[in-house]
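Dear colleague,

I am handing over the structure we spoke about, and my notes on it follow below. Please read them alongside the coordinates.

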Amino acid sequence: MSTALTPVQEFLAERLGPDALEAHAFRGDVTVVVDRERLPEALRWLRDEPWWFEVLTDLTAWDRYPAEPRFEVVYHLLSLRRRERLRIKTRVPGHDPVVPSAVPVFAGANWFEREVWDLFGIRFTGHPNLVRILMPDDWEGHPLRRDYPLTEEPVEFRGHVPKVPSQIVPRVPPPGEDP
Amino acid sequence: MTLARETLTINMGPQHPSTHGVLRLVLELEGEVIVSCQPVIGYLHTGIEKEMENRTYHQNIALVDRIEYLSSYHEELAYCMAVEKLLGVEVPKRAQYIRVILCELNRIASHLVWLGTTGIDLNVSSLLMYCFRDRERILELSEMVSGQRMMPGYFRIGGVAADLPEEFEPAARQFLEEFPRRLDEYEAMLTDNLIWRRRHEGVAVLSREDALAYGVTGPTLRGSGIAYDVRKAFPYSSYDDFEFDVPTGERGDAFDRYRVRMEEMRQSRRIVLQALDRLPLGPVITGDRKVALPPRAELVRSMEAVIHQFKLVSEGIHPPKGEVYAAVESPRGEKGYYIVSDGSNRPVRVRVRAPSFSNLQALPAMVRGGMLADVVVAIASIDIVLGDVDR
């Protein structure tokens, strides 16, 4: 991990003050962790002059279960003019998984946020149509959460007993937890 | 007397030949004109991302092939590059060139499927046969190299599985020599064809602003006049060694996207020829024994090699803790992998950034205000793979 900050990291650290929680680079990927309340304004600054991170390449999340804050929502931004990528992250606690929506800033965030809601159960306030996108509408649970088991579906023919999750893949306890 | 005007909502798909898979569109029509279009996806959702969290880094190569199944080599390359970035491992030059050769051949094959299926959608059904005839040659080349026509599983973390067989180069060169003539034939048949032009020109226009706002990439973005190509902007796998052009359109209509893809096939051929000419000698997989299996011959001589072999086969690779994003230019656009590692032999999270997903999101903007019949052209012109959309 390098200690020198890139110009855009310095800009965010200065503008956001203590709300820019962390800034680092790993293998050349520049990351800034932003407090979720300040996220929309940070994205808007980055989108416009002088940074021109106009393209939201990707928006996703990952579950740090059982650690807290449980989720990290990850935004990958791309600046075509400056040929630069930037990763913005925000942390969301498991008891209150809510993030302000990025749709007003990037129209393309619409489906990405629906996908994150669908698979992780993170809500985006201000989203125009936050409904499931990949899973069926009546599905229960959010499959990409770490505590959501990987199971086999029952099949039609007889003589097959569906395996329980631990028979398919043994669960690997996260580091720090006793097996 | 006044007539009441009301809109008609119709359902297109999920079983419809021109949706290129299982895509459902809910269309609101006023007469023949589209008022709104709402894509409904998820019919092919297989939970690959969840599945990958439960397998070792190496096992996942077999899974990623199945996402964007028309361009599996790109899929493997993006995944392997992400893991290599996580590990900080160098790929030997020869392996990088071999990867480029196969990816570009794969791009031609994928674009040929796009051309053929677009032909079917527009009632030029003979075109599909021609395109599949040429694509077959590429699949044969793929079989020569990896043993598989599709879903090759040929790239490895740190290189490729085996060196190119002797018969590959002459066969590839022969195909590439014949290919431009074939392309000329198709272009003679289509580019100046009145029906083809009328169905494409001014249809499904995507403005630069919309393209950027929706995060559209690949030929769909370049058709709208933005010359963004991952191979040029963030060169990977030695792409900066080769000369090639990035074609762009101006109006952002279906015809521009058609022309961009046709030109891309010629450029891909150019890249493959350069790579074949300058193919360096040397190993095809990294010598790092913590990443790649030791050569077979070493196993009988060295106890170390046996230990490495055993560790890699039984446990797999243990990348350091961290997160990376790596992207390649697939035939549909920017294909990226975001991998989070906790230091164990299985990824905590593998996110597939799917180009078709973003491109499809721009479809309503393309077809709004257009005619119903043009929806078919719009879908064909963004060249979606539903496996990629739904993952």
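Which side chain meets that of A:Arg146 in a salt bridge? The partner is B:Glu53, with 3.3 Å from N to O, where a salt bridge is a side-chain nitrogen of Lys or Arg within 4 Å of a carboxyl oxygen of Asp or Glu.

Before the rest, some conventions: this is a predicted model, in which local features need pLDDT of at least 70 and side-chain atom pairs count only at pLDDT 80 or more, while totals for chains, interfaces and linings use all residues. Residues are numbered from 1 along each chain as its sequence is written, chains are lettered from A and ligands numbered from 1 in the order in which they are written, and side-chain values use heavy atoms, with hydrogens and water left out.

Across the interface of chain B and chain A the rule finds eight salt bridges, and 47 residues of chain B are in contact with 46 residues of chain A (contact means heavy atoms within 4.5 Å). The area buried between the two chains is about 4,000 Å², with 59% of that coming from carbon and sulfur atoms; buried area is the accessible area, for a 1.4 Å probe, that two parts lose on being put together, summed over both. On the chain B side, B:Lys50, B:Glu323 and B:Gln361 lose the most area to chain A, together 16% of what that side buries.

A search of the whole structure finds 54 salt bridges over all chains. Within chain B, the side chains of B:Arg351 and B:Glu49 form a salt bridge at 4.0 Å, N to O. Because B:Arg351 lies in strand β8 (residues 349-353) and B:Glu49 in helix α1 (residues 48-52), the pair ties together parts that are 302 residues apart in sequence (helices, H or I of at least four residues, and strands, E of at least two, are DSSP runs numbered from the N terminus).

As for helix packing in chain B, the axes of α5 (residues 125-146) and α6 (residues 168-190) come within 11 Å and cross at roughly 165°, the axes being lines fitted to C-alpha atoms over the stretch in contact, with angles from 0 to 180 degrees between N-to-C directions. That makes α5(B) roughly antiparallel to α6(B), a term used for angles over 145 degrees. Among the residues making this contact are B:Tyr130 and B:Arg137 of α5(B) and B:Phe175 and B:Glu178 of α6(B). Helices α3 (residues 72-87) and α4 (residues 93-121) of chain B pack at an angle of about 145°, with their axes 8 Å apart.

Best regards

Definitions and conventions: Angles under 35 degrees count as roughly parallel, over 145 as roughly antiparallel, 65 to 115 as roughly perpendicular and the rest as oblique.
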